[in-house]
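Dear colleague,

Please find the structure below, together with its sequence.

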Amino acid sequence: MPTAFYTHPDCHAHDMGAGHPECPQRLDAIHDHLIAQGLDAALVHREAPLVDLRDVGLAHTTSYVAELKSRLEQIAAGGQTAAFDPDTSANPGTWKAAQRAAGAAVAATDAVIDGEVDNAFCSIRPPGHHATRDETMGFCFFNNIAIAARHALDVRGLKRVAIVDFDVHHGNGTEDIVAGDDRILMVSFFQHPLYPYSGGVPKGDNMINLPIPPYTRGMEIRELVEAMWMPRLEEFRPQMVFISAGFDAHREDDLGQLGLVEADYEWITMRVKDIADRHAQGRIVSCLEGGYALSALARSVAAHLRVLAEI
Ligand SMILES: [Zn+2]
């Protein structure tokens, strides 16, 4: 069975201004490279729907969702831009993009659970893993991966899901939402110290946090993943695996100083897929988080997708 590729043109319309690394061109770089590599034709292309705000409410507080909706709708109607925090701003395209990004994650989850596809990758923005229950942060508005994971549990009735986060930055928002929820095991590594300077001490027993010093290379990170993630994932036996797929730990990415290359993303994806194949009928939903060096981002996504689609 195939791999689905979810995206939407609305995800391009969110723009945080000239020079901002989280730019619409990221999605073009990914898609252009997939076409050039002949991978595009092997994927099932799906348009991301708008999210149902009830799903968003499974991960965020009611007041946060209402307030964000009201502010982003006003910005969309008024044609202006507004800063939410020093790193995160909105333009008239943000509201639809945020709904499409979370909508992709939820729709991909349904498609995988329903057996329409084996697994899915969501090429979406804004990213999500820094958005906490009640705050925008670090380019993120809705926590796409946490919304999808909760949808799988609360709406689709799964009992145990894993979240794997290999972005160079700590997924503090996802941790804020899922810490203490024993139905979810979250495993991550991240450069430390680095923005958002959290994660050194996990907030719950269901979090495996691996803080990694700058300039660590792929082989050392693979050893840590093998020793620290794999036994816990194996023991947890997730029924579905969600990936916060940030590619900013790539050695060419200036937002972090880790030394991963495409082969490392391929390896990590294989290890995660092994777990999913053994325990979760292969069910994986992967959502784009960071990755700002456009060429490295595109090559790394291709490596990730080759493993997911078994090409
Ligand atoms: Zn990041």
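The notes below describe a metal site and then a pair of helices. Please bear in mind that this is a predicted model.

The metal site holds a zinc ion, coordinated by Asp167 (OD), Asp167 (OD), His169 (ND1) and Asp248 (OD) at 2.0 to 2.8 Å. Along the sequence, these donor residues follow the spacing D-x1-H-x78-D. Asp167 and Asp248 are 81 residues apart, and the pair links distant parts of the chain. Asp167 lies in the loop between strand S6 (161-165) and helix H7 (172-178), whereas Asp248 lies in the loop between strand S9 (240-245) and H9.

The angles at the zinc ion run from 52 to 153° for its four donor atoms, so the arrangement is irregular. A tetrahedral site would need all angles to lie between 85 and 135 degrees. Asp167 has a relative accessible area of 1% and is therefore buried. Asp248 is also buried, because its relative accessibility is 0%.

The second topic is the packing of helix H8 (residues 218-236) against helix H9 (residues 262-279). Their axes are 11 Å apart and meet at an angle of about 10°, so H8 and H9 are roughly parallel to each other. On the H8 side, the contact includes Met219, Val225, Trp229 and Leu233. On the H9 side, Trp267, Ile268, Arg271 and Ile275 are among the residues involved. The residues of this contact comprise nine nonpolar, six charged and two polar ones.

Yours sincerely

Notes
Residues are numbered from 1 along each chain as its sequence is written. This is a predicted model: local features need pLDDT of at least 70, side-chain atom pairs count only at pLDDT 80 or more; totals for chains, interfaces and linings use all residues. Side-chain values use heavy atoms; hydrogens and water are left out. Axes are lines fitted to C-alpha atoms, for helices over the stretch in contact, and angles run from 0 to 180 degrees between N-to-C directions. Helices (H or I, at least four residues) and strands (E, at least two) are DSSP runs, numbered from the N terminus. Angles under 35 degrees count as roughly parallel, over 145 as roughly antiparallel, 65 to 115 as roughly perpendicular and the rest as oblique. Contact means heavy atoms within 4.5 Å. Ala, Val, Leu, Ile, Met, Phe, Trp, Tyr, Cys and Pro count as nonpolar, Asp, Glu, Lys and Arg as charged, and the others, Gly among them, as polar. Donors are N, O and S atoms within 2.8 Å of the metal (3.2 Å for Na, K and Ca); water is not among the atoms, so sites may look incomplete. Four donors count as tetrahedral if all angles lie between 85 and 135 degrees; four count as square planar and six as octahedral if opposite donors are over 155 degrees apart and all others between 65 and 115; anything else is irregular. Buried means under 20% relative accessible area, exposed over 50%, partly exposed in between (1.4 Å probe, protein chains only).
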